[in-house]
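Visitor: I am new to reading protein models. Could you take me through this one, feature by feature?

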Amino acid sequence: MHQVSSLLSVDVTDARIELALKALSVNSWIHIDNPFVSTQPTRYSLTDEGYKYAEELLERGEGRVDSDDTTLKAPASDRIVGFDHNSSEFRQIAEASDALRTGLINANDTGDLSPRAVEVAVQEVESLNEALRRDFIRPSHVWQMAKSSLRWIADHAAGAAVGQAALALLALIAAFFGIVF
């Protein structure tokens with residue numbers, strides 16, 4: 001516990017440190033070596049998942065910008081980051097994206113989108129899905145891709161359900177990246 005408490009600038013009890021370390025370990029964000037062997041020092045290491053989570057927290061804390069900007073201006077917006085694909089926010093985005101793709105393919109009403117435009121819209125949504133499912137991304141690139149494709153779909157299918165689904169997906173992605181939309 002001394003290893004961890006020496007890193008902190010506030011006085012925290014060993015019980016609170018132990019509770020925090022167990023929570024981090026349960027979420028697979030840290031790995032604990034020799035946790036119950038009193039003759040050997042306990043060692044803590046950050047896992048890949050922990051690194052991704054820390055990057056996500058940094059992005060969320062630094063990424064609040066106005067959505068009318070053409071590029072993100074947050075200091076970390078052009079860095080390469082990873083995030084937890086199992087998080088509830090990401091699952092919501094994945095489900096909304098899959099629903100939009102399915103809606104575009106099966107919809108009777110696609111507003112002003114021609115059959116060829118629907119085909120292109122499906123391809124762009126698939127490209128966005130692919131980008132979001134990568135282990136590491138550049139948030140400013142993914143945001144620009146999402147904003148361009150989803151606004152185009154929403155504008156051309158404004159009165160249709162797929163237009164509303166595109167806007168809803170764009171709002172989810174903006175919230176995920178901490179963009180005021």
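Visitor: What share of the residues is buried?

Guide: Buried means under 20% relative accessible area, with a 1.4 Å probe and protein chains only. Of the 181 residues, 35% are buried.

Visitor: What kind of model is this?

Guide: A predicted one: local features need pLDDT of at least 70, side-chain atom pairs count only at pLDDT 80 or more, and totals for chains, interfaces and linings use all residues. Numbering runs from 1 along each chain as its sequence is written, and side-chain values use heavy atoms, leaving out hydrogens and water.

Visitor: Where is confidence highest, and where lowest?

Guide: pLDDT is the predictor's confidence in each residue, from 0 to 100. The chain's mean is 77. Helix α5 (residues 115-132) is highest, at a mean of 96. Helix α1 (residues 2-5) is lowest, at 52.

Visitor: How many helices and strands are there?

Guide: Both are DSSP runs, numbered from the N terminus: helices are H or I, at least four residues; strands are E, at least two. This chain has seven helices and four strands.

Visitor: What does α5 pack against?

Guide: Its buried residues include A117, V118 and L128. The buried residues of α5 pack against α4 (88-106), β4 (136-137), α6 (139-156) and α7 (161-177).

Conventions: Buried means under 20% relative accessible area, exposed over 50%, partly exposed in between (1.4 Å probe, protein chains only). Contact means heavy atoms within 4.5 Å.
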